[in-house]
Amino acid sequence: MVDFTNRTIGTFGCVECDLGKYRIISPGRLIYDGTDFTVHPRLDKHSTPEIIVSTKRHTASLDDLTAQEAAHVADAMAFLCKAMKDLGIAKNPVTQIKTNKVGHMQLVCKSSDDGQRQYENTQQVMEDVVKLRGAFKTFSV
Ligand SMILES: [Zn+2]
């Protein structure tokens, strides 16, 4: 599919791969754009804050990662969890490994306290995105 700016968008295949290859329009959604991964929020409202680190290359599990990708996503996850705690986004951040609908691995940082804080609208999600984007200005991988 091509949008009005003649840009290819939405393959309706793997969202994580589309994000990594800039094939979907996600204004303001990216928190960090690394060399081989991105950091972005789950945008569902009425959810607890969940920030996702996902590789730009389609990877199904940790053993699919190159040594460099593994080092980069581990550094990003450690930085992300600390930033979420420091900024009050997640009181007790924990990491999880999930996969999206087509099997792309997602490393997730979220609060361990289920239901402790829920987004009520997209504006609240975007406020956290702005805070985290500010924190990630001191991160480089
Ligand atoms: Zn993928």
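**View 1. The largest nonpolar core of the predicted model has 21 residues.** The residues with the most contacts inside this core are I31, V39, I51, V53, A76, L80 and M84. At least two core residues come from each of β2, β3, α2, β5 and α3, and the largest share, six residues, belongs to α2. A nonpolar core is a set of buried Ala, Val, Leu, Ile, Met, Phe, Trp, Tyr and Cys residues joined through C-beta atoms within 7 Å. A residue is buried if 20 or more other C-beta atoms lie within 10 Å of its own, exposed if 12 or fewer, and partly exposed in between, with C-beta atoms placed from the backbone. Leaving aside residues up to four places away in sequence, I51 touches I31, V39, P41, L80, M84, C109 and L132; two residues are in contact if their C-beta atoms, placed from the backbone, lie within 7 Å.

**View 2. The secondary structure comprises three helices and five strands.** Along the sequence the pattern reads α-β-β-β-α-β-β-α. Helices (H or I, at least four residues) and strands (E, at least two) are DSSP runs, numbered from the N terminus. Residues are numbered from 1 along each chain as its sequence is written. The model is predicted, so that local features need pLDDT of at least 70 and side-chain atom pairs count only at pLDDT 80 or more, whereas totals for chains, interfaces and linings use all residues. The average pLDDT, the predictor's confidence in each residue from 0 to 100, is 85 for the protein, and 84% of the residues score at least 70. Among the elements, helix α1 (residues 15-20) has the lowest mean pLDDT (84) and α2 the highest (96). Of the 141 residues, 28% count as buried.

**View 3. Five strands form an open sheet with antiparallel pairing, in the order β1-β2-β3-β5-β4.** At its edges are β1 (32-33) and β4 (93-99), each of which pairs on one side only. Two strands pair if DSSP finds at least two bridges between them. Strand β2 (residues 37-41) is joined to strand β3 (residues 50-55) in the antiparallel sense by five bridges, and T38 stands opposite S54 in β3. Helix α2 (residues 67-86) packs on the sheet and touches β2, β3, β4 and β5; the direction of α2 makes about 170° with that of β3. Axes are lines fitted to C-alpha atoms, for helices over the stretch in contact, and angles run from 0 to 180 degrees between N-to-C directions.

**View 4. Strands β4 and β5 form a hairpin with five residues between them.** The two strands pair in the antiparallel sense over seven bridges, and the bridge partner of T99 in β5 is M105. In the turn, G103 has a positive phi of about 90°. T95 is found in strand β4 and is partly exposed because 15 other C-beta atoms lie within 10 Å. Residues up to four places away in sequence not being counted, T95 touches M77, C81, L107, V108 and C109. The C-alpha atoms of T95 and M77 are separated by 7.9 Å, with the two residues 18 apart along the chain.

**View 5. S112 occupies the loop between β5 (105-111) and α3 (122-135).** S112 counts as partly exposed because it has 13 C-beta neighbours inside 10 Å. Beyond residues up to four places away in sequence, S112 touches N92 and V94. S112 and N92 are 20 residues apart in sequence, and their C-alpha atoms are 5.5 Å apart in space.
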